[in-house]
Amino acid sequence: MAAGSPELEQFVRDALARGHERTQVTAALLAAGWRRGQVHSVLEGWAQVDFPLPVPRPRPSLSARETFLYLVLFSTLYFFAYHLGSLLFALIEHALPDAADAAWRTARRSASIRWSISALVIALPVFAFMAWHISGEVSRDPLKRLSPVRRWLTWLTLFLAAAILLGDLTTLVYNLLGGELTVRFALKALVVGTIAGSVFGYYLWDLRHEEGQA
């Protein structure tokens with residue numbers, strides 16, 4: 001049982017205890033203005049078994065193992081996104097060199113490209129494996145989708161992605177208004193916007209899908 005207010009949970013419990021059908025409970029709550037995702041989530045907290053009183057299902061809980069899995073998943077996501085952006089930045093600077101760049105900056109760029117590629121080679125398989133592993137666990141036990149740590153880290157990721165997008169767009173408009181918008185800068189802004197926007201879009205879709213609002 002999750003994602004509901006105490007009043008909603010108490011109402012559902014009392015209605016089921018008095019023998020009302022789930023369809024009746026759902027219709028009454030939707031008519032009162034509750035979202036379908038909220039109603040469905042709370043109803044799923046009660047098992048459909050033949051017993052005089054509502055029988056609760058196991059609730060999602062916070063465990064050290066689960067926290068570890070999601071921290072590794074989202075940490076590798078951030079690590080991958082950062083180094084992907086760094087690699088694309090370096091490639092843009094290599095393709096569109098600035099005459100004002102000193103020789104040592106060019107040499108450092110080669111080291112930066114090598115470091116970013118190394119990071120991506122490690123981060124991508126780890127992220128893919130963790131995502132596959134967690135997805136398998138969720139498919140076997142859908143209750144794990146309501147994990148508190150998963151929801152908190154997902155919302156934190158959305159916040160970070162939104163902040164990066166706002167900063168990226170603000171910087172782009174600032175340079176445009178100042179007449180300092182170059183092709184190289186515009187491509188870098190596009191890289192940041194694409195990476196942050198992709199992360200934001202995917203996890204926002206995932207949350208909406210989870211809550212039945214897609």
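## Helix α1

Helix α1 spans residues 6-17, twelve residues in total, and extends 16 Å from its first C-alpha to its last, close to the expected 16 Å at 1.5 Å a residue (1.5 Å times one less than the number of residues). Helices (H or I, at least four residues) and strands (E, at least two) are DSSP runs numbered from the N terminus. The model is predicted: local features need pLDDT of at least 70, side-chain atom pairs count only at pLDDT 80 or more, and totals for chains, interfaces and linings use all residues. Residues are numbered from 1 along each chain as its sequence is written, and side-chain values use heavy atoms, with hydrogens and water left out.

Leu 8, Glu 9, Val 12, Ala 15 and Leu 16 are the buried residues of α1. They lie on the same side of α1 because they cover an arc of only 135 degrees around the axis, taken from the directions from the helix axis to the C-beta atoms. On the other side, Pro 6 and Glu 7 are exposed. Buried means under 20% relative accessible area, exposed over 50%, and partly exposed in between (1.4 Å probe, protein chains only). The cover over the buried residues of α1 includes α2 (22-31), α3 (36-43) and β1 (46-47). Just after α1, Gly 19 adopts a positive phi of about 90 degrees.

## Overall architecture

The protein chain contains seven helices and two strands, in the order α-α-α-β-β-α-α-α-α from the N terminus. Of its 214 residues, 33% count as buried. Among contacts (heavy atoms within 4.5 Å) with a separation of 6 or more, 76% are between residues 24 or more positions apart.

## Salt bridges

The whole structure holds three salt bridges, each defined as a side-chain nitrogen of Lys or Arg within 4 Å of a carboxyl oxygen of Asp or Glu. One of them joins the side chains of Glu 137 and Arg 65 (2.5 Å, N to O). This pair links helix α5 (residues 103-140), which holds Glu 137, to helix α4 (residues 64-95), which holds Arg 65, across 72 residues. Glu 137 is buried, at 11% relative accessible area, whereas Arg 65 is partly exposed at 46%.

Glu 93 pairs with Lys 188, their closest N and O atoms being 2.6 Å apart. Here helix α4 is linked to helix α7 (residues 183-210), the two residues being 95 residues apart. Lys 188 is buried, with a relative accessible area of 17%. In the salt bridge between Asp 206 and Arg 150, the closest N and O atoms are 2.5 Å apart; Asp 206 belongs to helix α7 and Arg 150 to helix α6. Both Asp 206 and Arg 150 are buried.
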